[in-house]
Amino acid sequence: MPEQLSQETERARGALPFGPAEVTGPSMVPTLHHGDVLLVHWGARVRPGDVVVLRHPFQQDLLVVKRAAERRGAGWWVLGDNAFAGGDSTDYGVVPQDLVLGRVRFRYRPPRPGQRSPFAVVRWALSAVRPVLADRSASRRLRAR
């Protein structure tokens, strides 16, 4: 199942170079989790290893978030960080460059309901906002298959 983004993402995309997106689904675990809020740099240059937002090649009203593994011709081979979730280029092939909309810069992980112990709150505060960095190992994993 592809990692989907909320419909508000599409409305917010047009006005500013940066905008929020909310993650739904498991395909980018452990990097991103269901409910994470992303700061997306729309139209940013993409390099191998970057986490990107793209239109699904077969269902273009659906936005998904994946890792750009490598450049192939006029598009990108994209993979989810959770190999068991599917919904990436192993299912639909190379994604054309014009369907790749932006690069994820930061993620915010909202607190879980019932997270009340002081230790849990401190742990959440230290990890709630993190940059989403390029993971070069994704492209190496792809070549090793």
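Mentor: Ala, Val, Leu, Ile, Met, Phe, Trp, Tyr, Cys and Pro count as nonpolar, Asp, Glu, Lys and Arg as charged, and the others, Gly among them, as polar. By that scheme, the lining of the largest pocket has 4 nonpolar, 5 polar and 4 charged residues. This is a predicted model, where local features need pLDDT of at least 70, side-chain atom pairs count only at pLDDT 80 or more, and totals for chains, interfaces and linings use all residues. Residues are numbered from 1 along each chain as its sequence is written, and side-chain values use heavy atoms, with hydrogens and water left out.

Trainee: Which residues lie nearest the centre of the largest pocket?
Mentor: Arg109, Pro110, Arg112, Gln115 and Trp124, out of 13 lining residues.

Trainee: Why does Asp36 count as buried?
Mentor: Buried means under 20% relative accessible area, exposed over 50%, partly exposed in between (1.4 Å probe, protein chains only). Asp36 has 1% relative accessibility, so Asp36 counts as buried.

Trainee: And why does Ala85 count as buried?
Mentor: The value for Ala85 is 16%, so Ala85 counts as buried too.

Trainee: What makes His33 and Asp36 a polar contact?
Mentor: A polar contact is a pair of N or O atoms within 3.5 Å; within protein, one must be able to donate a hydrogen and the other to accept it, and residues adjacent in sequence count only if both atoms are side-chain atoms. Here the backbone nitrogen of His33 is 2.8 Å from a polar atom of the Asp36 side chain.

Trainee: How do you know that E3 and E8 pair?
Mentor: Strands (E, at least two residues) and helices (H or I, at least four) are DSSP runs, numbered from the N terminus. Two strands pair if DSSP finds at least two bridges between them. E3 and E8 (residues 100–108) have 6 bridges, in the antiparallel sense, and Val37 has Tyr108 as its bridge partner in E8.

Trainee: What joins E8 to E4 and to E9?
Mentor: E4 (residues 51–55) is joined to E8 by 3 bridges, running antiparallel, with Val53 partnered by Gly102. E9 (residues 129–131) also pairs with E8 over 3 bridges, antiparallel, and Tyr108 stands opposite Val129.

Trainee: Which peptide bond is cis?
Mentor: The bond from Val29 to Pro30, with omega near 15°. Pro30 lies in the loop between E2 (18–24) and E3 (37–42), and Asp36 lies in the loop between E2 and E3 as well.

Notes:
1 Å grid on protein atoms, 1.4 Å probe; cavity = no way out; pocket = protein on both sides within 12 Å on 5 of 7 lines; lining within 4 Å.
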